[in-house]
Structures are given as structure tokens and as C-alpha cells.
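This briefing covers selected local features of one predicted model.

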Amino acid sequence: MLLAELLATPGLGLRVLHAPPGSLERPVGRPITIDLLEPGRYLTGGELLLSGLVWRRTPADSETFVASIASRGAGALLAGAALLGRVPDDLVEACRRHDLALVEVPGDVPFADVTELVTAAGVVGSGARLSASLVRQRQLLSAVASGRSLDELAARVSAETGHVCRVLTATGRHVVPGPESLPADVVDAVTARFLAAGPVPAALTVGEAAYSLFTVGSGLVDRLTGWVLVAEGDHRDWPQDDLDAVHEFAAIAALDRSRREEGLRVLRPLAAEIVARIEHGAAPAEIATRLRQAGLDPERPLVLAVAELAGSGSAELTAAVLEDAALGVGPSLAAAARDGLLVAVLPGVPGVTEQLRTALTRLMPGLHRTSLSVGLSGETGVEALAGALEEARFAHRVARSGGGPVALVGADEVTSHVLLLATVPDDVRRTYAQRVLGQVLDSDARTGGELIATLTAFLDCSGSWTRTAETLHLHVNTVRYRIGRVEELTGRDLARLEDRVDVFLALKSL
């Protein structure tokens with residue numbers, strides 16, 4: 001039952017006091033009679049609230065009440081006029097501020113009559129929906145059994161509901177692209193909302209377009225490796241039949257996801273064998289044969305990636321994350337190397353570094369207490385994969401030392417000083433940094449000062465006092481004082497090239 005249908009029911013005499021755009025066309029939610037001042041904690045969203053306004057003592061109470069229920073997604077408020085003789089203006093204004101539909105119930109109409117009407121309509125509708133749902137499920141399962149692809153089923157559900165459905169992974173890879181893939185800004189917004197681990201289904205707006213998100217499979221799985229169904233439109237405005245159809249498609253997509261994941265698991269032993277042969281310098285012909293068996297073309301350029309998901313404690317999770325990002329580039333495989341890091345073999349397509357960086361950066365909202373570091377080799381042929389693996393390992397060391405939740409370094413991005421520092425053991429770098437900058441760090445820790453930040457900006461600005469002051473929004477004299485203090489604590493003269501290089505390398509070693 002829609003709210004407009006409830007309002008049109010003869011004999012009730014319901015009167016609309018405020019109706020935000022589209023609110024009358026929304027389905028009526030579960031009816032609840034409540035007269036607490038702040039009942040929001042008891043709501044889950046979409047409810048039809050009936051209130052006799054017993055909670056209202058002063059006009060300010062209206063704002064408190066409406067803010068509480070609106071924040072929890074209440075569908076509409078039916079306010080009784082029996083107690084006060086009419087619905088007060090302050091309640092109408094509060095509902096306007098919070099975009100909540102408000103309807104007046106005449107004093108001689110019992111709330112029980114409204115509740116019984118909504119409940120009866122829901123029972124009849126539920127039976128019809130259940131019957132339709134069973135028919136749809138049988139049709140979808142029959143289509144799967146006959147070999148229909150997930151893309152075909154998505155097109156069918158999209159046509160039936162009028163809401164284009166797509167399926168994406170957490171890295172933004174389109175499993176089902178729909179008529180066309182979503183724009184990058186929409187993909188970024190979708191993956192960020194999905195990985196934020198909020199309740200699903202969820203609705204979001206990007207620009208002027210609305211999208212609804214549904215989890216594919218169990219909501220308890222790690223969302224870093226999850227799939228999300230993205231349907232165009234706001235699901236809160238849909239009829240129940242459309243919601244049921246999309247949920248049923250999500251269930252079918254979950255079956256397809258399990259099938260694909262099992263296929264990847266079957267490939268992992270072969271992937272591990274390929275990585276081991278690369279590590280041991282096996283003959284190119286041997287490696288080429290195994291690559292063909294895994295579905296890769298050894299005649300085309302290849303790129304190796306070395307990755308680590310620090311803090312995850314799960315090699316399988318790391319492998320799944322790397323596989324997903326790599327599959328966005330093309331047919332790929334991933335397996336653990338002898339040092340415990342994950343190695344992936346990818347096709348050397350144009351822009352592979354940026355494609356991977358974009359995909360992996362999308363995982364940042366879901367990386368809690370973990371960090372992902374990836375190093376890439378340059379393009380190479382099958383005869384030089386052992387050298388490419390060493391190159392990727394080196395780039396990974398640079399990425400790991402760079403910090404941040406996601407760090408990806410390509411072979412062409414390793415600059416001279418980074419190359420130098422990456423070859424130095426971690427304990428040596430830390431000792432060097434402490435020896436040069438230890439007193440500066442201690443001073444900042446004691447005083448809450450900004451010496452290190454000022455020093456960093458000063459070097460980034462090539463020693464320009466004016467540019468440093470502008471960058472930090474400080475007076476030039478403040479910059480001169482702080483740099484002078486750094487020189488005093490380090491015993492270095494930052495006007496001398498040798499001393500400036502010492503301090504620069506120490507900063508990069510922190």
C-alpha cells in the first residue's frame with residue numbers, strides 16, 4: 001500500500017500537512033504507535049509512526065521528536081488531533097525542516113483503524129509477492145541451468161524493474177557492466193560506501209543520479225573481496241516487487257560468484273608452480289607451457305607484481321585482493337612466493353600501473369589496521385621473468401617503506417634517492433635518521449613544535465624562505481627562527497649542499 005492510497009481511504013479523513021516530493025508514492029511501512037519524546041532508537045527505517053502527541057510539553061519538543069525519528073529514517077508521521085484539537089504549527093515546521101511527511105488524523109478516528117487497514121493490506125500484498133517471488137526464482141534458476149550468463153540475467157531483471165543492475169567488486173571491477181560501465185566517480189563513491197561497512201541495502205546520490213547498493217552473498221564476508229550489486233534509482237521509493245526481484249538476482253549472482261571463486265582456487269596450485277619455476281630460473285619454454293595452461297599468453301609482454309597485505313594475517317585474503325585487482329587488467333594469476341609475499345603475473349597492457357593504483361586505492365576505506373604495498377616490474381618477455389621478479393620485489397620494498405594504507409610503486413617510479421634508501425637495511429636507516437634528526441624529533445615531542453614539518457617544507461621549497469612561509473602560512477621570521485633551531489640541534493648548516501643532503505636523506509629514512 002502506498003501512502004497516497006492510505007490517504008484516499010474513505011472514512012478516515014486523513015489530511016496532509018506536509019509532503020516532501022515523492023513521499024506520497026512510497027510504500028507504507030510497518031505501523032507503530034508511539035508517544036516517547038525521543039523514540040528514534042526503537043526504529044529501523046521506513047516505519048509509519050502514529051502519535052497522539054502526548055510527548056509535547058513545549059513547542060521545542062516538536063524539533064526534538066521529529067529530529068529523533070527522521071534521523072532513523074521514519075517513513076511518515078501520522079499525528080492525532082484528539083489531544084490538542086489540531087496538529088500544532090511547530091510540529092509542521094519541524095517536519096518541513098527534516099523532510100518528513102506529516103498527516104493529521106482526526107480526533108474521532110482511532111489509531112487502531114489505521115493500523116488494521118495497513119496491516120491487512122500488507123498481509124494481502126505479502127501473499128501475492130511471495131507467489132510472484134517463487135515464480136521469478138524458478139525462472140532465474142532455470143535460466144542459470146540452461147547456461148544463461150549473469151549479464152543476460154542482469155539485463156532481464158533490469159528490464160523487468162526499470163532499474164539497470166550492475167555487479168562490481170570492491171576494487172571497482174565490473175563483473176556485470178550493464179549496457180555500459182559506470183563512470184569512475186560513481187565507482188569511487190559506490191566502493192567507498194560499500195567498504196565503509198554500513199548497513200546494506202543503502203542508497204547514495206552522485207551528482208544528480210541515485211544508486212542503490214545490495215550485498216551479493218553473505219554480509220559477513222570480508223568486503224575487501226566482496227561483490228556489490230548496484231541498481232540505478234533509490235530503492236526506498238521502489239514497490240516491493242522490484243525490491244524482491246533485485247534481491248533474487250543478488251542471490252543468483254552469489255551463486256555465480258562462488259563458482260568463479262572456486263575456479264580461481266583451482267588455478268592457485270598451478271600459479272604457485274609457475275611462481276616457483278620463475279624463482280628457480282626454469283627454462284622459458286617450461287614457464288610458457290604453464291602460463292598457457294593458466295590462460296595467459298606467453299607471447300605477449302608480461303608484468304609481475306609483488307604484494308603484501310600487512311596486518312591481515314591471511315594469505316588467502318591477500319591473494320583474493322590481488323587477484324581481483326589484477327583481473328581488472330586482464331587474465332592473471334597470483335600465488336605465494338617462497339618469502340611469503342604474493343606474486344601476480346599480469347598482461348603488460350598500456351597503463352597497467354595506473355589501472356592497478358586506481359583499483360587498489362579504492363580499497364582504502366576497508367583497510368582497518370592493515371596496509372597494502374605493491375611493487376611492479378616493467379614489461380618483459382617470458383625469457384626474463386626471473387629478473388622481472390627481482391625488479392618487482394625491489395619496487396615492493398620501496399612501496400613498503402613509503403607508508404600509508406595503500407602504496408604502489410612501478411619500476412619506472414623508483415627515483416635515485418629512493419633506490420639508494422631501499423637497498424639499505426631498515427635498522428641502518430633508522431639509526432641514521434635518529435643520529436641526524438634525533439634531537440629535533442625530541443624537541444617536537446616535548447614542545448609539540450613544528451620543526452620537522454617546517455624543515456620538510458623548507459627542503460620541498462628548495463630552501464626558499466618566502467615560498468616556505470607562504471606554504472605554511474607563517475611569517476618569514478618564524479620560518480627563519482625554526483630553521484635556525486633545526487641547524488642548532490643537528491649541528492648542520494642548511495646553506496651547505498652536503499649538510500642539506502644529509503638532512504634530506506635522514507627525513508626520507510624516518
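Leu84 lies in the loop that runs between β4 (76-80) and α3 (89-97). Its relative accessibility is 38%, so Leu84 counts as partly exposed, since that class lies between the 20% limit for buried and the 50% limit for exposed. Together with Val54 and Leu83, Leu84 forms a nonpolar surface patch.

**Surface patch**
- The accessible area of Val54, Leu83 and Leu84 together is about 260 Å².

**Strand β14 and its partners**
- Strand β14 spans residues 371-376, and five of its six residues are buried, which leaves the strand mostly covered.
- β14 pairs with strand β11 (residues 302-310) in the antiparallel sense, over six bridges.
- Within that pairing, Leu372 in β14 has Leu309 standing opposite.
- β14 also pairs with strand β15 (residues 406-409), here in the parallel sense and over four bridges.
- Val406 in β15 stands opposite Leu372.

**The five-strand sheet**
- An open sheet is formed by five strands in the order β7-β6-β10-β9-β8, with antiparallel pairing.
- β7 (174-176) and β8 (202-206) are the edge strands, each pairing on one side only.
- From one strand to the next, the twist averages 35 degrees.
- Strand β6 (residues 165-169) pairs with strand β10 (residues 227-232) in the antiparallel sense over five bridges.
- Arg166 has Val230 in β10 as its bridge partner.
- Helix α6 (residues 184-195) packs on the sheet and touches β6, β7, β8, β9 (209-216) and β10.
- The direction of helix α6 makes about 150 degrees with that of β8.

Definitions and conventions: Residues numbered from 1 in each chain as written. Predicted model: local features only at pLDDT ≥ 70, side-chain atom pairs only at ≥ 80, totals over all residues. Heavy atoms only, no water. Patch = residues over 30% accessible without salt bridge, like charges linked within 9 Å, V, L, I, M, F, W, Y side chains within 5 Å. Areas by Shrake-Rupley, 256 points an atom, 1.4 Å probe, with all protein chains shown as cover. Salt bridge = Lys/Arg side-chain N within 4 Å of Asp/Glu carboxyl O. Helix = DSSP H or I, 4+ residues; strand = E, 2+ residues; numbered from the N terminus. Buried < 20%, exposed > 50% of the residue type's maximum accessible area, 1.4 Å probe, protein only. Pairing = 2+ DSSP bridges. Axes fitted to C-alpha atoms, helices over the stretch in contact; angles between N-to-C directions. Contact = heavy atoms within 4.5 Å.
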